[in-house]
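Here's a quick briefing to read with the model open in your viewer. Have a look at the ligand site first, then at the overall layout and a couple of loops.

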Amino acid sequence: MQFSLISETFEKMEATTKRLELTQHLVDLFKATPSDVISKVVYLIQGKLRPDFEGVELGIAEKLAIKAISKSSGTPVRKITEAFVEDGDLGHAASKILEQKTQTTFLMQQITAERVYETLMKIARLEGTRSQDMKMKYIASLLNDATPQEGKFILKLIMGTLRLGIADNTVMDALAIAYTGSRDNREKLEAAYNVSSDLGRVAEEIAKNNLAGLENFQITLFSPIRPMLAERVKSEAEAMEKLGKEFAAEYKLDGERVQIHLSEKKVVLFSRRLENITSYYPDIVENVSKALKTTEMILEAEAVAINENTGEFLPFQELMHRRRKYDIAKTVEQYPISVNLFDVMYLNGKDLLNAPYDERRRRLEETTTENDFVKIIPKTIVRTENEIEDFLENAINSGCEGLMLKALDAPYRAGARGNNWLKLKREYRNELGDSLDLVVIGAFFGKGRRTGRYGTLLLATYNQENDTFESICKVGTGFTDENLDQFYQILQERVTLKKNPRIESGMEPDVWFEPEIVIEVVASEITLSPVHTAAKDAIRKGSGLALRFPKFTGKIRNEKSPEDASTDQEVIALYKNQKKVTQGISES
Ligand code: AMP
């Protein structure tokens, strides 16, 4: 397959922000893609080479890429660097330089998608002292045979700056249309994606065997499952309304969600975002199986930082010290944790996803012998508001955030947020303390003490139906000086030349970001807003919803992907639940 088919599609996609058009471009591309290349094409569209959990990364520095462009075009490094600084994107800069070159030389051979992919894989696998030079040569060899447009997208893929403005949902829509003729089959693809977390593999199956191919998707040890998510409720009464007469209540711990896959020989850990985080927790790898009677399992747990002397839970931030590449042994000692199990999805060859919660919990209890390090999250059965309230009190007194309320007969719905799991946090119950997880989409430069940094951030909720991020407030309070530096560092890497098409906002900040970073915010109330687009038209035609007096809590939710942020639907529910609904229209 010619790589030009891909680069032409990417070019068209960059030129539009309309979801339907984006989907149609992908459908056309998929229809022209042979089934033995489709998985590779899908990974490239996702801006990766393999599914996240395999951790395959290119690791190319800008300097090296510039050297490669120089080698292939004969243009001095200095000139390329200048073009890059002016343009802000190495892909664009390279295409201009290659443009000049192609006027004087003939292309020897057309470049194929397979060749681009395999070369990038080779680059990712290279290690050792001579690897930098080899990487540079591989890139240069690709560029030698590439047209300017192809060169542009090869560099964007290499540098991780491909911005097509689409999420996995759009890719699944397009696959469903291209291979089954109907978008309605998206759900079937999604089910396969949920248990495999590998969209390339899903694409290959549907391309080769149509819908029948999806039946082969089963839970597999060491392939992460997309996690089941919870809806929030504001009160015990609301929980009773949604879950009925009798259900389970578990403590909700404030740590990091860990999906544990273990066999007799191996333990692998995945984060909520399905990255392989095994290296951060050597203590889990070493000790978890000591508490388990069975050898082949997929479990879910909350890893929580603890005070070793008292066994008390410590705040979530403590755990973030574990996220480092070096000196792990030291941090393991410095920041001890406990592993708190709450679900089992696979047990000795048996897929438990369709087993009801009740049975999964029973099996979890049967196979676990608790010790100081491995615990099962406390649970009780509740039937009345009073019983929930009592258990919530206990949870808060033990240092938990609140409760998770779970339907006894519900299966594990991978990848789904629904009413079978509800979260009840204490703070939701007092009107002025609601916390929301919001996506940073833009910023305004600071003044005074904040000059040279971002003074105010523009935040958004996630709209699941449209797969967009809609602005809900500006936030400028709650930041320490350290936070301001940290935000500048993290966010400046995510500045985009133009607004990502998934962002909807009536505001024009100084800079736009890729919607990637999620932060926690509290606010005094939710009001109608003429400028913000979150939940637009849902309460009143022409108005969106905004947060009043928002404040950053100090928590950057690294473990959350932007699609895990609070949704417009949650905000609508919070708005409706406010005791005193403010009818006024807020200014910001
Ligand atoms: P939130 O991050 O507020 O959406 O809440 C969901 C998160 O709570 C999950 O991703 C888990 O990391 C965490 N959690 C803590 N305790 C439990 C529990 N008992 N059951 C399920 N999730 C839990």
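**What surrounds the ligand**

Three strands each give at least two residues to the shell around the ligand: β2 (247-252), β10 (402-406) and β11 (417-425). Keep in mind that this is a predicted model. The ligand itself sits in the largest cavity.

**The shell**

- There are 15 residues around the ligand, and the ones that come nearest are Glu 250, Arg 272, Glu 302, Lys 406 and Lys 423.
- Sorted by class, the shell has nine charged residues, six nonpolar ones and no polar ones.

- Lys 423 puts a polar side-chain atom 2.4 Å from an oxygen atom of the ligand.
- Lys 406 has a side-chain N or O atom 2.9 Å from a nitrogen atom of the ligand.
- With Tyr 251, look at the backbone rather than the side chain: one of its backbone N or O atoms is 3.0 Å from a ligand nitrogen atom.
- On its own, the ligand has 500 Å² of accessible area, and the protein covers 96% of that.

**Domains**

- The protein chain splits into three stretches: domain 1 (48-159), domain 2 (229-425) and domain 3 (436-577).

**Two loop residues to check**

- Which loop holds Asp 327? Asp 327 is in the one between α15 (316-319) and α16 (328-334).
- Asp 327 isn't a glycine, yet its phi is positive, at about 55°.
- Asp 467 belongs to the loop that runs between β13 (454-463) and β14 (468-475).
- Asp 467 also has a positive phi without being a glycine, with a value near 60°.

Methods
Residues numbered from 1 in each chain as written. Predicted model: local features only at pLDDT ≥ 70, side-chain atom pairs only at ≥ 80, totals over all residues. Heavy atoms only, no water. Near = heavy atom within 4 Å. Polar contact = N/O pair within 3.5 Å; in protein donor to acceptor, adjacent residues only side chain to side chain. Areas by Shrake-Rupley, 256 points an atom, 1.4 Å probe, with all protein chains shown as cover. 1 Å grid on protein atoms, 1.4 Å probe; cavity = no way out; pocket = protein on both sides within 12 Å on 5 of 7 lines; lining within 4 Å. Sits in = over half its atoms within 2 Å of the grid points. Helix = DSSP H or I, 4+ residues; strand = E, 2+ residues; numbered from the N terminus. Nonpolar A, V, L, I, M, F, W, Y, C, P; charged D, E, K, R; others polar. Domains from an automatic or database assignment.
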